Amino acid sequence: MNLIRFFAQRSMLANVLTLMVLFIGAGVLSQIRTQELPDAAFPQVDIVTAYPGSSAQDVELNITNRLEKELRSIEGLRQFESTSGNGLSEIMLELSSDADADKMLRDIQQAVDRVTNMPADLPNPPRVTQRDTASGEVLRFGVTGPDDYTRLQSYSRQLEKQLRQLPGVGAVAMTGFREREFWIEANPDKLSRYQLTLDDLRNAVVNRNLSLSGGLVESWSQEQRLVTLTQYHSIEELQQLVIKTLPSGGLVRLKDVARVFDNFEQARETGMINGDTGILFSVSKTPGADIDNTVKGVLTLLASETARLDNQFAFPVSVNIADDMASKFNIVATNGLIGLALVLLVLTLFLKRRIAFWVAISIPVCVLGVVALLPITGQVLDSITLAALLLVIGIIVDDSVIVAEAIYQQFENGQSPIDAAVNGISSVFQPVLANLLTTALVFVPMFFLPGSLGLLTVVIPSTVLLALLLSMLECTFLMPAHLAHSLAGVPSVRGGGSGEKADWFDRPKALYRQWLARALCRKKTVLVVALLTLLGSFALVSTMKIDFFPREAARYIQVTTEVKPGALLEQIRKDHQELEDAFRALPDNERQSFEMSYASPVSTGRLTLTPYSERSRTADEIVRDLNQQLADSHTLDSIRFDVDANGPPVGDPVAVRVISDNPESLGRAINQVEQWMQNYPGLININTSDKLREPQLQIVPDYDWLARYQLTVNDLASTLRTGFEGDTMTSTWIGDDEVDIRLILDDSHRTLEQLLLTKIFTPDGEAVPLSRLAKINTVNAPRQILHMNGSVQVLVTAQIDDIDLSPEQVAGDLLTALTPKMPGDVKLETGGEAEETGETLSGLMVAFPVAMLAIYLVLMVLFNSLLQPLLVVSVIPFGFAAALLALKVHMQPISLFAMIGVLGMTGVIVNNALVLISQANDLKATGRPATEVILDAASGRLRPILLTSITTVAGLTPLAYGIGGTDIYMGPMSLTLGYGLLLSLPVVLFVLPCLYLVLDRVITKGQ
């Protein structure tokens, strides 16, 4: 206590420390790095391999299967699944929770490197990356302007280079951008005339395109380096390339047998933004960059380009994460200031103005103190950390009110300001310390939550623990000094002074004492009513929907459409005209922008809505309206809208994996799952991955004829691929751009009619038509082939159209109904949102009871009793039910941030109960009757109990109801924390004293 007295006697030191914390915190707040989600490296690794022009079966056999064979040998993999699609192989590996991620990443890369029998024409090796949040997309915009694609492409390339040089920009991806290429369109008739083959052209082009060093040449005075540099610098050089020398001495040049021209790679997708064709840019930041600074740098560049080019190009923005973050921070700041003013008003009503001021000032001191420490702990300021900072306000006020009230009571009893400060903090130090420990124990289990959500929410307990530590230091050392100085010269009420008016709170206190006395006389009735109310409350909330990231105020709607396979890009754009018109028809106060990436047969896009406060409809309501408008579309085979709730990627709302290597069993199981979903009310857009098919021309080789002509299947496939897809033989550099040189048949021979007439050249130079070497069958081939741990899987997905239906409920009902009916060689697993939510919920179901047990053990040591801690813990179920009832009344689902609010509420009501019981124990030590003891303890602690609850509710009400702007995540957290405290007040003030008397009688009889 000497240290407390030391600070209490030095108010100037306390003032200096308080100002230092405020100024340092404000300085750090202005400079701290901000981002949407906390830095987190997920235990998930992606292996992506691009193989343009190949079919899904080709990708599965030649890439995916070979990679999976090597991956099976890696220890520490929890599971892996793959998707083999047209031109792309994607494998997602999930690591075990106890695995060393860095070592696993190295092992995976080495396993990929061991696969040496990849296709020879694979443009790039597989790319291995670990999923994280540190380098995500921060800005999406389009470049639109002239109809001349050459100008648009050239400018976009230069803009990309400028963007990559900006500080904080990590990656720049472009949609609708086609790389520049030199095309060699060979004419088969001319090749035949000169007895040339495609291989002759390939060899001539590649052998001429060289850049080799020949070593050093020495002379008596110097040495010089020999360099052979014969790279192509223009189309003219390519055209003049000599392919063959005729017996007559004439030269056959490339231009004699082929059309050589400057072109772009084949168009596979085209971009559109706000109805204008253009190239779409996606800008991602580097791991250590600040979102706001990165986006500002890009937007500044675009503004300068607009001025420099005199508006020749436009740069419409569709996604700006910096704006989203700024809006969130502004909402929190505005509501926080309103809440702080309300808190100060409440404190002024309940406490003396001088005391109220220092209690209120403890809030910014602790909050800014935590902000100042965030960079030291490696944290950034993100949406989840921001929620944690709001959460601790109730805890800070709680401790401050208890300490301030205790000090003022000592002062009223006639002690000097210094003695009142020292003795006041001493009288409540034990319960305040216990509150710190119990509140910490509530949040510590969050360090161990599984899944992606667990990695993202780990910043919550660390932020809360920092706040608890700072709150303890502020209440123990700074506040006593501030109050001692404020009370100096103020006459105490019982010290004989006459300057203070009677306390208005004495009358409510006396009234409460009367009501409590009546309740204690009917304690059994009170307890029975409380128990029935608790059971009824849990019955009401038992059917509530769980939605960790509610979509009510979501701003982004993902769009996926499908047309008939094989449609040309020009026709695809026309087929989507009805969709674009529907987007344009949305009111200006709802639609901010829309974009699409058109491709065959699947196109994807995004509709960006205005902030929720500016529109009257939710994202789901807009989606339902769009679905009704486009339900009878005659140009699109399917349209799907997915609301992006800005949480971590969790997949489809309902997703079921059907896994089996037996095709017959797999097919029957898929039909059962699909039929069950179709009969389940509230599910729409039911799809199965095996139905994603497209017509393909399948070449069936005639092996006898191939052998007669000394040809192989590879010769056949290579010739067809070169002729129709094109073969990127080599590349050259034009300035600082790499330009591929592509060999392909001319367009007149790249038709279905010419396919059977395509010539395959034998080793002897004889041209044999394809019709003699193979047959062509038309088949419906899958666009995607899925594997789970190497076994074939089919994904059955659905969207939920019923707001009262949760993914967990659907998944549970499905597994219960169908699992017993599945044969032994079929396995059903839930995926998507239900899987991620279920994993996190299972972690909470373990973590919360463990936290309650730890709290009980701490209280057992504090009270030196096995039974009294049950009194404190008994208020938790009531608070939990009250918080969930608040959500139900406000028609909100149980979300992640709502659960975080429940945890914060738990810490505060435990503190209220703890202080009350601690006070009762102190009074009982004097030998007074139990009824009198609990009456005095409860009425004596009435003011701090009411203050902690009412100030917390007042501080959070603006955010809960969006007075200064609506935030869909912070709102539910404020509701559960505020109303949980408010509705649990009767439990602390009436039910807990009754329980105390009952338990005291039990203990007395036991003795």
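A salt bridge is a side-chain nitrogen of Lys or Arg within 4 Å of a carboxyl oxygen of Asp or Glu, and a nonpolar patch is made of residues with over 30% relative accessible area and no salt bridge, its side chains (Val, Leu, Ile, Met, Phe, Trp, Tyr) being joined within 5 Å. Accessible areas come from the Shrake-Rupley method with a 1.4 Å probe, and for residues only the protein chains shown count as cover.

This is a predicted model, in which local features need pLDDT of at least 70 and side-chain atom pairs count only at pLDDT 80 or more, while totals for chains, interfaces and linings use all residues. Residues are numbered from 1 along each chain as its sequence is written, and side-chain values use heavy atoms, with hydrogens and water left out.

Colour first by pLDDT, the predictor's confidence in each residue from 0 to 100: the mean for the protein is 83, and 93% of its residues reach 70 or more. Over residues 494-500 the pLDDT is below 50, and this stretch has 12 contacts (heavy atoms within 4.5 Å) in the model beyond near neighbours in sequence.

Next, select Leu866, Leu867, Leu870, Val998 and Val1002, which form a nonpolar surface patch with about 410 Å² of accessible area together. Valine 998 belongs to helix 34, helices being DSSP runs of H or I with at least four residues, and strands runs of E with at least two, numbered from the N terminus.

Stay on helix 34 (residues 970-1006) and centre on serine 984, which is buried at 3% relative accessible area; buried means under 20%, exposed over 50% and partly exposed in between, with a 1.4 Å probe and protein chains only. Its side chain reaches the backbone oxygen of glycine 980 at 2.6 Å. Leaving aside residues up to four places away in sequence, serine 984 touches Gly879, Ala882, Ile909 and Tyr979.

Now move to aspartate 737 and arginine 157, whose salt bridge has its closest N and O atoms 3.9 Å apart. Because aspartate 737 lies in strand 24 (residues 737-745) and arginine 157 in helix 5 (residues 149-164), the pair ties together parts that are 580 residues apart in sequence.

Further along helix 5, select arginine 164 and glutamate 160, which are four residues apart and thus separated by about one helical turn; their salt bridge spans 2.8 Å between the closest N and O atoms. Arginine 164 is partly exposed at 41%, whereas glutamate 160 is buried at 8%.

Key. Polar contact = N/O pair within 3.5 Å; in protein donor to acceptor, adjacent residues only side chain to side chain. Patch = residues over 30% accessible without salt bridge, like charges linked within 9 Å, V, L, I, M, F, W, Y side chains within 5 Å.
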